[in-house]
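Dear colleague,

I am handing over the structure below, and after it you will find my notes on what came out of it. Please read them with the structure open beside you.

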Amino acid sequence: MDAAHRLWVTERSIGRRTDDSLLREQIHKYDQLFKVGQIITSEMNMDVLFDVIMHQTNEIMDSERSTVFLHDDKSGELWSLVATGVEKNEIRFPCTQGLAGWVFQQRKPLIINDPYNDSRFYPEVDRKTGFRTRSIICVPIINRKNDCTGVLQVLNKRQEGFSEKDEELLATISNYVAIALENAKLYEELRLMNKAKERVINHLSHELKTPLALISGVFVRVEREFEQARFRKLEKAIKRGKRSVNRLRDLEEKIEDILENKSIEEKAYIIGMIEDAASFVEELHEDNQQGCALALEKINNRIESLFALDPLKTEKIELDTFLHDICDEAESSLGGRELRISRKIQPGLCVVCDRGALRKVCGGLLKNAVENTPDEGRIEIKSALVDGLVSVECRDYGVGITDENQKIIFTGFFHTLDTELYSSKRPYHFNAGGAGADLLRARCFSEKLSFSLDFQSTRCAFSPSDMDLCPGRISICDHVADAAACETAGGSVFS
């Protein structure tokens with residue numbers, strides 16, 4: 001073998017070893033990506049997910065720090081949980097700022113290996129975290145609907161600057177991150193739905209238990225008093241019984257309003273549940289099958305009547321007179337409560353609507369505001385013409401609604417207090433609670449009558465959770481000096 005041939009064989013062997021090495025490296029990367037994908041997409045808790053993404057991304061990218069910035073649709077900001085010393089703090093900035101903002105807006109990846117010389121770089125995050133950024137690679141996070149929901153950013157490659165291969169690698173990781181974020185969001189929605197259902201069961205049980213017990217006691221008392229022919233002593237018991245019956249009727253009316261606006265497809269499901277329940281009752285009472293059959297027929301007829309929607313009785317309503325009547329009615333129901341309902345009602349506005357439905361919506365929102373505002377506080381009713389549309393606002397300066405409860409406030413039979421702290425009180429009393437159906441009914445009417453329903457709320461900083469109780473009167477609160485200070489602490493506005 002001559003020298004030229006030996007050289008050719010040597011070069012070919014070296015080339016094969018190089019190719020084998022590159023292939024093994026590529027296989028190792030794919031194996032890493034597969035494992036990273038499994039780990040990231042298996043985590044459902046959003047708070048934990050941030051840590052998992054950062055740790056796994058740093059490991060595979062050989063970087064010092066990774067951050068997921070998510071877009072907040074309401075504020076228009078990018079936000080993330082970022083380590084600041086030994087704690088984690090939420091970092092927020094406008095989605096148009098910084099390299100992350102550029103990537104989010106352009107939906108394109110970006111590599112900058114000298115960020116402090118790039119005018120798009122936003123050094124404020126470094127200042128807040130005490131971290132020094134030397135190199136950046138950032139890619140958009142695109143979900144299945146092709147919406148950009150945020151960006152995945154990696155900082156400071158340990159060996160050298162970031163390359164196009166790193167960009168390809170991070171783009172693949174971002175696909176796993178998009179899936180994981182959607183999974184976590186769905187998991188959170190299911191958790192909140194379960195919480196809402198649990199509240200419905202607990203609350204309805206509590207709401208019905210007290211009046212039914214009182215009614216039962218009234219009948220026992222009536223029977224005993226009639227036997228002893230002492231009719232005058234019945235008056236107090238009968239009044240208590242009437243109040244309890246009125247509460248049950250109020251609850252029934254709200255449930256009917258909600259059911260009337262349910263989709264027609266739900267009718268068969270509801271009737272099916274009733275038939276199953278009736279069959280179970282028949283098994284327990286075989287000696288009274290005729291009575292069960294009659295009861296089932298009546299219930300079915302009732303459901304049919306609930307889903308047979310009547311045509312709307314729309315009419316032209318002078319809104320200023322209408323809202324003043326609503327406020328007058330609420331003020332007459334305050335009893336001894338010390339509340340002020342201020343009115344900023346623009347005259348001359350008219351709407352075409354079903355009067356009864358509009359009264360239930362506005363009256364229900366005002367009643368909720370009264371029941372969530374401590375004595376010596378204020379509620380504001382406002383109407384105006386905004387961009388050619390009539391706007392009605394009901395604002396209270398009360399305890400407000402927690403962030404978690406805001407997500408389920410329209411799910412039905414919602415009440416702000418923890419069930420263990422809930423106490424049945426008369427309507428319009430502070431923390432009276434009620435059945436919690438007013439908001440669900442308002443939402444159902446909004447869908448049926450085609451008006452928008454929105455709210456904003458800030459929970460009182462001194463009663464941050466459902467377990468924290470407001471004293472119910474501003475002057476005895478340990479945290480505020482006067483009504484003006486209370487108004488800055490929390491409140492809600494429904495529009």
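On the H9 side the contact (heavy atoms within 4.5 Å) involves Phe322, Leu323, Asp325, Ile326, Cys327, Glu329 and Ala330, and on the H10 side Arg355, Leu358, Arg359, Cys362, Gly363 and Leu366. Helices here are DSSP runs of H or I with at least four residues, strands are runs of E with at least two, and both are numbered from the N terminus.

This is a predicted model, in which local features need pLDDT of at least 70 and side-chain atom pairs count only at pLDDT 80 or more, while totals for chains, interfaces and linings use all residues. Residues are numbered from 1 along each chain as its sequence is written, and side-chain values use heavy atoms, with hydrogens and water left out.

Val139 lies in strand S5, which covers residues 136–142. Because its relative accessibility is 2%, Val139 counts as buried (under 20% relative accessible area, with exposed over 50% and partly exposed in between, for a 1.4 Å probe and protein chains only). Leaving aside residues up to four places away in sequence, Val139 touches several others, including Val103, Pro109, Leu152 and Leu170. Between Val139 and Arg107 there are 7.8 Å from C-alpha to C-alpha, although they are 32 residues apart in sequence.

As for confidence, the mean pLDDT (the predictor's confidence in each residue, from 0 to 100) is 76 for the protein, and 62% of its residues reach 70 or more.

Best wishes
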